[in-house]
Amino acid sequence: MSLAAVLMPLPVLLPTLGAALTLIVGRRPRLQRPITIGVLCAVAGVSATLLYLTDRNGTLVLHVGGWGPTERGLGPLGISLVVDRLSALMLVVSAVVLLAVMVYAIGQGVRDGDDRQPVSIFLPTYLTLATGVSLAFLAGDLFNLFVGFEMLLSASFVLLTIGASAERIRAGIGYVMVSMASSLVFLFGIALIYAATGTLNLAELAIRTGGLPGGTRSALFAVLLVAFGIKAAVFPLSAWLPDAYPTAPAPITAVFAGILTKVGVYAIIRAHSLLFPDGGLDAVLLVAALLTMLVGIFGAIAQSDIKRILSFTLVSHIGFMMFGVALSSQLGMSGAIFYVMHHIIVMTTLFLAAGLIERQGGASSLHRLGGLIGNPLLAFVFLIPAFNLGGIPPFSGFIGKTAVLQAGVGNGSVLAWLLVGGAVVTSLLTLYVLARVWTMAFWRRRVDAPEGELVLAAPPVLLDDVGDIAYDDRDDVGKMPTWMVVPTLALIALGLSLSVLAGPIFAYTQRAAAEVLDRGEYISTVLSVGAP
């Protein structure tokens, strides 16, 4: 058995076993923490190894249980796990982000006291979320992609409502309803695709969908786009996100913002490039990308809470990814892949920074914040990822946007030029929004904030486990715990590395884009008899 065959199931198996083990030792949180950190470190190491192997050897496939293609021409009969350059990159970035956020969450729990955090539930649920994310990236068929989505969504329901405050329950109900609707649409699409083609294996579907009438292909693709568009928060299917994410604790909001929507983007890339590459709905995707950019950023301008501002900005920048995907060119796809990687890291960092702002300032509303420039470290952890998200040269946000814009100019169509203009406007408005947060929360004096006196007159504050204000007379309340700052700084360094190593990283994304658009290697590797 090859090394790849041994490693490929581990990103799914390790967090699954870790979740079971942390449940068994649920009454011993001091034992749960090292188990969780160890599992996530192992997943990151395995994912990095798979990244190296796929870049060197090409697409890897594992037919679980040996139920692969047969000499009679039958396709894989069982579960196929497939890793190519794109899925390997997504595995690595998501594993690193999941690890960093977990360290942040544990640091927050240690600082606030275990009695404030439902650790026995949080850690196994978090590992279940990691299992679902890994399975979604590894799935070689639509049904197991659906299973991966359901695992991460089921875990996200629990994580979103931890603490059971009224606000979180309300947001959780809306999130559950939207997610269930998305899952039902996806399941309906799976049924239609199986009825039309007789298979759910992605490689087989790539061949069989080519024989379907054009109208049928477009209808099937449209159903999948609706399902994945809800998960990716593409306009007009994005209204649920700004209401759901800001109510959760900072670590949960960070991992949701960084990873969950990108799983939907990944699914759109797969469906667009592998199953329906004829470009029949590219114009629809381009219009959706433009509206996602503009509606999202205009929504951010209207907000006064940092978490809601970041949530609308998150929606807006999904449009850049959709723009690159819809162009159906190697440069556009490469820019989209680079931007997905950049956005996972930067948005996670910004939401972690928002959690630190909330701890230091006692609120996340701009009506109550001011004077935070007095904490230079806090100013640093917000300003650097803000520059990166805004696309200031030479940060990675500028590199990803430039690639997508060049691809749009190269396309030359009227719609592509509209997207180029919309992308430039969105970038400028993103800078405006972040500069507004910086000016009001950091430069302005706290006493000049409209509601600043409400916080100044109160005792030292911290946020309890349900997100409400809790008062404490300890001297260290409001200070930033080391193990909340360290992972935030680590993600800032990782985001900066995308700029420092932009050449080799973008070369990798170009190879990944070429592999995604070509389809041939993916199909031949999965369907070849005796594939390792």
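This is a predicted model, and the average pLDDT over the protein chain is 85. A score of at least 70 is reached by 88% of the residues. Two stretches need a caution. One is residues 110–117, where the pLDDT is below 50; the model still gives this stretch 23 contacts beyond near neighbours in sequence. The other is residues 456–477, where pLDDT stays under 50 and the model has 47 contacts beyond four places in sequence. Where pLDDT is low, the predicted coordinates should not be read in detail. Please treat the 23 contacts of residues 110–117 and the 47 of residues 456–477 accordingly.

Now the overall figures. The protein chain has 532 residues, and 61% of them are buried. Its secondary structure consists of 21 helices and 4 strands. If we take the contacts with a separation of 6 or more, 79% of them are between residues 24 or more positions apart.

Ile-169, Ile-173, Met-177 and Met-180 together form a nonpolar surface patch of about 390 Å². Met-177 sits in helix H7, which covers residues 166–197. Its relative accessible area is 54%, and because the cut-off for exposed is over 50%, Met-177 counts as exposed.

Next, a buried position. Ser-427 is part of helix H17, residues 414–443. How is Ser-427 classed, buried or exposed? Its relative accessible area is 14%, so Ser-427 is buried, the limit being under 20%. Outside four places in sequence, Ser-427 touches Phe-320, Gly-390 and Lys-401. With Lys-401 there is also a polar contact, side chain to side chain, at 3.3 Å.

His-367 belongs to the loop between helix H14 (330–361) and helix H15 (376–390). Its C-alpha atom is 8.7 Å from that of Ala-441, although the two are 74 residues apart along the chain. With a relative accessible area of 32%, His-367 is partly exposed.

That leaves the backbone geometry. Most residues other than glycine have a negative phi, and most peptide bonds are trans. Which peptide bonds are cis here? One joins Phe-235 and Pro-236, with omega at about 10°. Pro-236 is in the loop between helix H9 (214–232) and helix H10 (241–244). Another runs from Pro-393 to Pro-394, where omega is near 5°, and Pro-394 is in the loop between H15 and helix H16 (396–411).

As for phi, Ala-233 is not a glycine, yet its value is positive, near 65°. Ala-233 is also in the loop between H9 and H10, and at a relative accessible area of 1% Ala-233 is buried. Ser-328 likewise has a positive phi, about 55°, without being a glycine. The loop that holds Ser-328 is between helix H13 (306–326) and H14. Ser-328 has 32% relative accessibility and is therefore partly exposed.

That is what I have; questions are welcome.

Notes:
Residues numbered from 1 in each chain as written. Predicted model: local features only at pLDDT ≥ 70, side-chain atom pairs only at ≥ 80, totals over all residues. Heavy atoms only, no water. Helix = DSSP H or I, 4+ residues; strand = E, 2+ residues; numbered from the N terminus. Buried < 20%, exposed > 50% of the residue type's maximum accessible area, 1.4 Å probe, protein only. Polar contact = N/O pair within 3.5 Å; in protein donor to acceptor, adjacent residues only side chain to side chain. Contact = heavy atoms within 4.5 Å. Patch = residues over 30% accessible without salt bridge, like charges linked within 9 Å, V, L, I, M, F, W, Y side chains within 5 Å. Areas by Shrake-Rupley, 256 points an atom, 1.4 Å probe, with all protein chains shown as cover. Salt bridge = Lys/Arg side-chain N within 4 Å of Asp/Glu carboxyl O. pLDDT = per-residue confidence, 0-100.
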